[in-house]
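Subject: Structure for your files

Hello,

Here is the structure I said I would pass on. My notes on its charged side chains follow below.

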Amino acid sequence: MVMIDMLLINGFSIQISQMLLVLLFSPLLTGLVRKVKARLLRRQGPPLLQPYRDLIRLARKEAVVAESASWLFRIVPYIVFAATWVAAALIPTFATGLLFSWSADLIVIIALLGSARFFLALAGMDVGTSFGGIGSSREAMIATLAEPALIMIVFTIALVAGSTQLSTVANIMLAGVGLRVSLGMALFALVIVALAENARMPVDNPATHLELTMVHEAMVLEYSGRHLALLELASAIKLLLYCSLIACVFVPWGLAPAGAPLHVHLIGAAVYIGKIGIAGCLLAIFETLIAKMRVFRVPDFLGAALMLGFLGTLLLFVSRSL
C-alpha cells in the first residue's frame, strides 16, 4: 500500500512539474524568437525576459471592457487559457507514461485547440467592431483548412504507430520505424499548420499591428489588463505546444520512460529545453528569411499541408495493401 502511494505521489509530482514547465517556459520561447530575430537583423532587440515583464505589467492593469460586450467577452480569456494550457500539458515533454498520459491523445488535443479557437472567434465578434469581425472571419477561414490537415497528419501518425496516444507514439518512434516518406510529409505538413495556427510568418507578421493584415491581434484588439495577459500567455503556450508536439512525435529522443529515477527525468527536461531552444532559433531564422504572403494566398499555403497529409496517409495504405 505504501509503495502504491509513493508511485502515485511521484507520478503526480512529475505531472505537475510538466504542467508548470510548459506554463513558465512558454514566454521564454517567445522572448528567444524575438531576440534571435533582432540579432539576425543586427539590432539589440528586447531582453529574453521581456515577455514576462509584459505579462506582469498587463496583469497589474485594470481590464477595460466595452459597454456593448456581453458576459461571453469576459470569460473567453479564461476559457482560451485553460484549454490551451491543458492541451500543452498533455503532450509528453520530458517523460512518457505520466499520470494523465491516458488522456494525451492527438484527437483530444485537436479538440481542445478547436474549442479555444471557437470561443476566441466569438469574442472577436462579440463587441461588434469591424476589426474583430475581420479577424474572426480570417481565423475561421484558416481553421477550415488547418483542422482537416491536422486530422490527416494524425491519420498518418496513427497508421505508423498504431495509436493516437502520444506516449505510445513516442515509444514506438523511439523503438525505430525507419525513414518513411509519409512521416516526412506529415512533419512538413505539421510545420505549415503550426505556422498558420500561431499566426507566424508567412501567414501573419506577429511584430506588427497593421489592421488590414492581422489575424490574431484583430480578435484581441478590444482586450486589456488581465484579460489581455491571459490571451498573450495562451498564445505563447500555443507556440510551445506545437514545438513540443513536433519534438514528441518526430524527435522523441531524451524522453524519460515510465518509472525512471529522478536524474533521468532531469536529463529529459534538459534535453527538452534544448529541443525547444533549437526550434525557436529555427523559427526566428525562417521568419527572417521569408516575407509575409497575401491573405488570399493562405488557403493555398494550408492546402499544401492538407495534400501532404493526405498523400502521407495514402502512401501508407498503398504500401500495406501491396
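E287 is buried, at 4% relative accessible area (buried is under 20%, exposed over 50%, partly exposed in between, with a 1.4 Å probe and protein chains only). This is a predicted model, in which local features need pLDDT of at least 70 and side-chain atom pairs count only at pLDDT 80 or more, while totals for chains, interfaces and linings use all residues. Residues are numbered from 1 along each chain as its sequence is written, and side-chain values use heavy atoms, with hydrogens and water left out.

The partner of E287 is R200: the two form a salt bridge with the closest N and O atoms 2.8 Å apart (a side-chain nitrogen of Lys or Arg within 4 Å of a carboxyl oxygen of Asp or Glu). R200 lies in the loop between α7 and α8 (216-219) and E287 in helix α10 (residues 262-289), so the pair ties together parts that are 87 residues apart in sequence. Helices here are DSSP runs of H or I, at least four residues, numbered from the N terminus. R200 is also buried, at 12%.

The structure holds seven salt bridges. R117 forms one with E147, with 2.4 Å between the closest N and O atoms. R117 sits in helix α4 (residues 106-126) and E147 in helix α5 (residues 130-161), so this bridge joins parts 30 residues apart in sequence. R117 is buried at 7% relative accessibility, whereas E147 is partly exposed at 29%.

R117 also forms a salt bridge with E197, again with the closest N and O atoms 2.4 Å apart. That pair links helix α4 to helix α7 (residues 181-197), 80 residues apart. E197 is buried at 6%. A network of salt bridges links R117, E139, E147, E197 and K238.

Regards

Terms used:
Helices (H or I, at least four residues) and strands (E, at least two) are DSSP runs, numbered from the N terminus.
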